[in-house]
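Keep the structure in view while reading.

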Amino acid sequence: MNLSAILSPMLNFAVSCIRATESFTLNSLDTFTEEEEMLRESVKRFANEVIGPKVREMDEKENMDPEIIRGLFEQGLMGIETSSVHGGAESSFTSAIIAIEELAKVDPSVSVMCDVHNTLVNTILRQYGTKEQQDEWLPQLSQSKLGSFCLSEPASGSDAFALQTRAKRDGDHWIINGSKMWITNSFEAEIFLIFANVDPSKGYKGITCFIATKDMGIKLAKKEEKLGIRASSTCTLNFDDLRIPAENVVGGEGRGYKLAIEILNEGRIGIAAQMLGLAQGAFDKAVPYTYQRTQFGQPVGTFQGMAFQIAQAAVEIESARLLTYNAARRKEEGKAFSKEAAMAKYWASIIAQRVSGQAIEWAGGVGFTRETGIEKFWRDSKIGAIYEGTSNIQLQTIAKFIQKQYS
């Protein structure tokens, strides 16, 4: 028996395995590309220097400063994943999540405006729009015009597909009648994605997505006065015989429900990033104060009771960060991510509310005043458990995956 003839293939295989291992390394979730790190620093600087000085005024006036919107476009933050051909930055989905997180550290209102525009409006057109639609609308959305996603209605919140807005064909147009409620960006937006049912007899399979512009006759019925994210507009919209060209149907007739389901999964990662940034922003404002404020001869942050609360909060923020970026990377890699997106949104919204509430207490009386801006983070945090799927809806989604796996 020729021993070398037996061992040689084995040795070759072992060497191949070693080389493959050397060329393939598993990175931590804290590993980002050079482009992503540069984006983070750029957004951080813009948020602190441009948005920061305007946060309190925008919150109290319940109005988004047009200069902020213009600045987001100038910074290339309104077409993050959009191709350069269409005026976008052509960056990764994770880049969008990074931007949303960094903006939320300073103002969650600006963050959600950027989030909805990128992860919902732009993504639907990028993934489902025809070439003609992409060529017409994506450059506008990348460079100057804010987008709005119109799904929710007075009678269809969590049960999104119970919507009552109707669309009827009229030659080469569709006529839309109905109303939408709780619509983010709608006061400032110029481009709208409207979901309406073209054939109620088919149930949710009649739901269709349409592109519309404000000048087509969209009516702002009411601008909501909210507990938090006050600078972010939330309005009720009315459509009375709104005429939309037939070529403005996105994804085909009756496919709107599919678009909404898939896009909202991505949107939930965006909301998780917003809540993550919010929690970190509150933490960053309050913790330094605890080491400056002295009682009984020592900084209050060094007393064991408060020190342990701060440590616990840091752990919780990190856990939300890992869930959020894990979901984002899975989406980028083409893996299933619906469960992970639900987990990230659910947990990040809980942590945002918990940490921002504790941050007020850490700063004591000062934290309760508007001057520090800490109390605003807590007010802003409440929405995280409500929009783009309530916390109970997220738990229901997670539970279905568990049941499928174990039953």
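Helix H6 packs against helix H7 (residues 131–143) at an angle of about 160 degrees, and their axes lie 10 Å apart. The model is predicted. Angles over 145 degrees count as roughly antiparallel, so H6 and H7 are roughly antiparallel to each other. Their crossing is left-handed. On the H6 side, the contact uses His117, Val121, Asn122, Leu125 and Arg126. These residues meet Gln134, Trp137, Leu138 and Leu141 of H7. By class, the contact of H6 with H7 holds five nonpolar residues, three polar and one charged.

H6 has another partner to look at. Helix H4 (residues 66–74) and H6 (residues 108–128) have axes that come within 11 Å and cross at roughly 50 degrees. That angle makes H4 oblique to H6. The crossing of H4 past H6 is right-handed. H4 brings Ile68, Ile69, Leu72 and Phe73 to the contact, while H6 brings Val110, Met113 and His117. Six of the residues in the contact of H4 with H6 are nonpolar, one is polar and none is charged. Follow His117 here: this H6 residue takes part in the contact with H4 and in the contact with H7.

Now turn to another helix pair. Two packed helices are described by the angle between their axes and the distance between the axes. For helix H5 (residues 93–104) and helix H9 (residues 304–332), the axes come within 9 Å and cross at roughly 150 degrees. H5 and H9 are therefore roughly antiparallel to each other. Which residues of H5 meet H9? They are Phe93, Thr94, Ile97, Ile98 and Glu101. The contact of H5 with H9 has five nonpolar, two polar and five charged residues.

Next comes the empty space. Rolling a probe the size of a water molecule over the atoms shows where empty space is left. The largest pocket has a volume of about 1200 Å³. It is lined by 41 residues, and the closest to its centre are Gly157, Ile386, Tyr387, Glu388 and Gly389. Which elements give two or more residues to this lining? They are H6, strand S3 (173–184), helix H8 (256–292) and helix H13 (391–406). The lining residues of the largest pocket divide into 19 nonpolar, 13 polar and nine charged.

Notes: Residues are numbered from 1 along each chain as its sequence is written. This is a predicted model: local features need pLDDT of at least 70, side-chain atom pairs count only at pLDDT 80 or more; totals for chains, interfaces and linings use all residues. Side-chain values use heavy atoms; hydrogens and water are left out. Axes are lines fitted to C-alpha atoms, for helices over the stretch in contact, and angles run from 0 to 180 degrees between N-to-C directions. Helices (H or I, at least four residues) and strands (E, at least two) are DSSP runs, numbered from the N terminus. Angles under 35 degrees count as roughly parallel, over 145 as roughly antiparallel, 65 to 115 as roughly perpendicular and the rest as oblique. A crossing is left-handed if the near helix is turned anticlockwise from the far one by less than a right angle, and right-handed if clockwise. Contact means heavy atoms within 4.5 Å. Ala, Val, Leu, Ile, Met, Phe, Trp, Tyr, Cys and Pro count as nonpolar, Asp, Glu, Lys and Arg as charged, and the others, Gly among them, as polar. On a 1 Å grid over the protein atoms alone, a cavity is a set of points where a 1.4 Å probe fits but cannot get out, and a pocket is an open set with protein on both sides within 12 Å along at least five of seven lines; lining residues have an atom within 4 Å of a point. Grid points are joined across faces, edges and corners, and a volume is the space filled by probe spheres set on the points.
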